[in-house]
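Please open the structure in a viewer and keep the selection tool at hand. The stops below are arranged for viewing one after another.

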Amino acid sequence: MPEEQERIEYLIKQKKTFSPSKGFRDNAIVRDESIYKRAKRSPEAFWESFAKELHWYRKWKRVLDWKLPHSKWFVGGKMNVSYNCIDRHIDSPRRNKAAIIWEGELGETSILTYWDLYREVNKFANVLKDLGIEKGDRVTIYLPMIPELPIAMLACARIGAPHNVVFGGFSAESLTSRINDSKSTLLITADGGYRKGSVVALKKNADEALTDTPTIRNVVVVKRVGDKESVSMKKGRDLWWHDLMKYAPPYCDPEKMDSEDLLYILYTSGTTGKPKGIVHTTGGFLTGVYATFKLVFDIREEDTYWCTADIGWVTGHSYVVYGPLANGATTLMYEGAPKYPDIGRFWSIVEKYGVTVFYTAPTAIRSYMRWGDEYLNKYNLSTLRLLGSVGEPINPEAWMWYYVNIGKKRCPIVDTWWQTETGMILITPLPGVTKLKPGSATFPFPGIDVDVVDENGKSIKEGTGYLVIKNPWPAMLRTIYGDPKRYVEEYWSRFPNMYFTGDWANKDKDGYLWILGRVDDVMNVAGHRISTMEVESALVDHHSVAEAAVIGKSDELKGQSIVAFTSLKEGIKSDSKLLDELKQHVVKKIGAIARPDSIIFTVELPKTRSGKIMRRLLRDIAEGRVLGDTTTLADPEVVKQLKDKYGHKEM
């Protein structure tokens, strides 16, 4: 076993903590823990201090109006999100600072300064107005990761038209449902986009979706792929972005928006039923993402920040677009896949642009672990000073690999927990202050009252329970669009006076929080609750395993049996000896009750384009059910091969 791997395993077993270096702490925005006391003493005053750093046309009368489960923040205040993200910076030295650095999958590059972004957003805001879009009209955006996406979002915010961004990997049917639920009157799309060198036919998908969308009046189309994808343009409905922008006036007056006016709707899947349209409003959302971006990423004027998330997800909304731009930061966008044209793509981009703050998903980190670290020596990663993790719990082994191989043991890691519904990061280290434990999201952000409770809603001093939030926070969802009853039922009915996150968590003896995954990702095996995340971490702890996804399969005797889908590191061969070894390894790490009944070896696990493992599809395979929606998969062939190989067999 390599010496470095032995060291990593030793550190994990020792439960070692990692403190920020003196150099990092001395230069950090937050350098001591007094901020937690200040925020706890007066949460409203704490959040108000950040709101005061933004531009308001009219100051609020009250910071918070809380009538559980409904909150209003900065009541009576008037602001414009677009103004705060752009106009506020152009009369300063930031005017000619890079706002957005964009790299296309084929290697194209574009840099928009704050002045460039200001000009483009103003012009497109006027385009929207010319198309009859007014304050309150919903606009659906179905674009790849290109600069026109944040430009369109900011233009919508400028005129007060709530946007509904739909991830470019969603199917026509998914697009139809989101357009119809939001009753959008305009669709913004592209002729196509790129994914692993191939063209994704977005306009064709859009045309199919639009056969049953009665509220849509116009479609604006960005020319991204040109002659590589022939598109049909419906006369009177479809219009080219570049034609509309050619003669658009260069300035559009920002709409003075009430703090509680709708900023955007973003749809997130529930365990059952149709997707939920999560509603985020203006003043509270911007204050929340402004504050968390500033403190969690310890952002500095000279930073080049890269969040690898697609803007079609909430991480892209909060921490690719609104949080960074409200802070006057330089935010990097990349259109393509992490291993196209080769597995060094992420690190070549870090080197090329001198990225200093890097925020990505554990799935991506584990993929790079699997591919080995030989290629890392090709790239200079010395500009990195802070690393982040988002999207799902990160296992300690991946955390350590990230810390040692990417951060070179000098970059703190901010492992963040939050949701589409929360709008902003709620659990996270503060990099200049927090002692880090690999695999733990550590503590709530200042001003956030998070707890772990038992079945009866009673706080657990130490151990595993339900993750809840006990006080309102600025960027919290206000409702589910068009379905206020579902909002109450989904989030506020499980425990009185508490927001139920739907997640399990463990609180250790030091108060550190360890996210264990969704409640519906917790298996009941012979009356014992076992976290799929816990079994996955045990499997990945084995030196032969690159990734693992664990699901519970119905079992007449035990309630559920444990099935693990496992991919191995390069050069490792699967055989019955290794299978038995892995089962025994889980027993050793957790106990006999957690021994997997079946371990399925697979070269790849089915993942969405944003990098999340589709455990729902693995359950379908294990249960022998018809596969659910596969439109968001990065590679549908992976799940097809698993289905063909194992779907008809007894596991």
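This is a predicted model: local features need pLDDT of at least 70, side-chain atom pairs count only at pLDDT 80 or more; totals for chains, interfaces and linings use all residues.

In which loop is the place of proline 341? Proline 341 is found in the loop between strand S17 (330-334) and H13.

**Cis peptide bonds**

Select tyrosine 340 together with proline 341: the peptide bond joining them is cis, with omega about 0°. Next, move to leucine 68 and proline 69, whose connecting peptide bond is also cis, with omega near 10°. Proline 69 belongs to the loop between strand S1 (62-67) and strand S2 (70-75). For context, most peptide bonds are trans, and most residues other than glycine have a negative phi.

**Helix H13**

Select residues 345-353, which make up helix H13. Displaying side chains here brings up the buried residues Arg345, Phe346, Trp347, Ile349, Val350 and Tyr353. Glycine 354 follows H13 and has a positive phi, near 65°.

Lysine 409 has a positive phi near 65° and is situated in the loop between helix H15 (396-406) and strand S20 (413-415). Threonine 442, with a positive phi near 70°, sits in the loop between S20 and strand S21 (450-453). Is threonine 442 buried or exposed? Its relative accessible area is 0%, so threonine 442 is buried. Lysine 409, by contrast, is partly exposed, at 40% relative accessible area.

**The open sheet**

Now display the open sheet of 7 strands, ordered S12-S11-S8-S6-S7-S14-S15, with mixed pairing. At its edges are strand S12 (238-240) and strand S15 (276-281), each of which pairs on one side only. From one strand to the next, the twist averages 25°.

Within the sheet, select strand S8 (residues 186-190) and strand S11 (residues 218-222), which are paired in the parallel sense over 5 bridges. Leucine 186 stands opposite asparagine 218 of S11.

**The largest cavity**

The whole structure contains 5 cavities of 30 Å³ or more; the largest has a volume of about 60 Å³. To locate the largest cavity, select its lining: Arg366, Glu392, Asn395, Met533, Glu536, Ser537, Val540, Ala548 and Arg615. Which helix supplies the largest share of this lining? Helix H17 (residues 532-540) does, with 4 residues. Coloured by class, the lining shows 3 nonpolar, 2 polar and 4 charged residues.

Key. Residues are numbered from 1 along each chain as its sequence is written. Side-chain values use heavy atoms; hydrogens and water are left out. Buried means under 20% relative accessible area, exposed over 50%, partly exposed in between (1.4 Å probe, protein chains only). Helices (H or I, at least four residues) and strands (E, at least two) are DSSP runs, numbered from the N terminus. Two strands pair if DSSP finds at least two bridges between them. Axes are lines fitted to C-alpha atoms, for helices over the stretch in contact, and angles run from 0 to 180 degrees between N-to-C directions. On a 1 Å grid over the protein atoms alone, a cavity is a set of points where a 1.4 Å probe fits but cannot get out, and a pocket is an open set with protein on both sides within 12 Å along at least five of seven lines; lining residues have an atom within 4 Å of a point. Grid points are joined across faces, edges and corners, and a volume is the space filled by probe spheres set on the points. Ala, Val, Leu, Ile, Met, Phe, Trp, Tyr, Cys and Pro count as nonpolar, Asp, Glu, Lys and Arg as charged, and the others, Gly among them, as polar.
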